[in-house]
Amino acid sequence: MKHVVMWSGGITSWAVARLVVERYGPENVTLLFADTLIEDEDLYVFNEKASAQLGVPITRVADGRDPWQVFEDKRWLGNTRIAQCSLELKLKVCRDWLEASTDPADTVLYVGIDWTETHRLPAIVKGWLPWKTLAPLAEPPYRDKQQILAEARSVGLDIPRLYKLGFAHNNCGGACVKGGQAQWARLLAVFPERYARAEAAEEKMRRLLGKDVSILRDRTGGTTRPLTLATLRTRIEQDRTDQLSFDYLDWGGCGCFTDTAEAA
Ligand code: SF4
């Protein structure tokens, strides 16, 4: 039996991999990593160290485009609700690899969904059919992300720097289009050059499509309107309070490998 862990470089995928390696041995495990080409440099360092510690090489697949190129090709700007990048850069390339390299009859997939997200599991399991998909972190003993990060430290693994810098996920260099305003505020504070790139890419898409589209939405005042990264940046720059204390900011969440699996 082959055991394939959907490896994102996030700490939950590491926790899943550790469990699967313990149960079945490193020789029976694959760590399948889809590279979006805008990952944080430190993600590759983490991948290398974690992979060496687990005794399993990383199997890297890549579409060859980054999310911004996907948005241009699809003529659709990814946003907190629909992110074509996840489908094109993660789900499709992983499915291609699975079809070429495994037999669904003797392969099990593992995703980093935990016990707080079990409502998402049925769609995920259905999306990866005909492969069987398991989520070991959704089963006891239940642990939260902080406990998993502590576990990683306790076995001598340096955790990915995006977590240390206050990001909720180690995906797409902290610039996930499914992230909320808090993620973008954090990105502006920590990696202004990445924010500037995203802001310029969003502006390019608005010109290309000739529409008032945006990654984020503004819900202040009870109505929902597009909120561009340029506007958010201006608001943050004008606000004298700590950026992360804004009560209207939300973190949002990344659903790569999960939310849209049924569409792959
Ligand atoms: S992490 Fe976010 S931006 Fe990156 S591919 Fe996934 S949904 Fe798209």
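## Ground rules

Numbering starts from 1 along each chain as its sequence is written. Since the model is predicted, local features need pLDDT of at least 70 and side-chain atom pairs count only at pLDDT 80 or more, while totals for chains, interfaces and linings use all residues.

Strand β1 (residues 2-7) runs parallel to β4 (residues 107-110), with four bridges joining them. Strands here are DSSP runs of E, at least two residues long, numbered from the N terminus, and two of them pair if DSSP finds at least two bridges between them. Lys 2 sits opposite Thr 107 of β4.

On to β5 (residues 132-134): β4 pairs with this strand too, again parallel, over three bridges. Val 108 has Lys 132 in β5 as its bridge partner. Between β4 and β5 the chain goes through helix α5 (residues 121-127), giving a right-handed β-α-β crossover (clockwise from first strand over helix to second, with the strands pointing away from the viewer). Helices are DSSP runs of H or I, at least four residues.

## Where α8 meets α10

Helices α8 (residues 181-190) and α10 (residues 229-238) pack at about 70°, axes 11 Å apart (lines fitted to C-alpha atoms over the stretch in contact, angles from 0 to 180 degrees between N-to-C directions). So α8 is roughly perpendicular to α10 (65 to 115 degrees).

From α8, Gln 181, Trp 184, Ala 185 and Leu 188 meet Leu 229, Leu 232, Arg 233 and Ile 236 of α10 (contact means C-beta atoms, placed from the backbone, within 7 Å).

Notes
Parallel < 35°, antiparallel > 145°, perpendicular 65-115°, else oblique. Contact = placed C-beta atoms within 7 Å.
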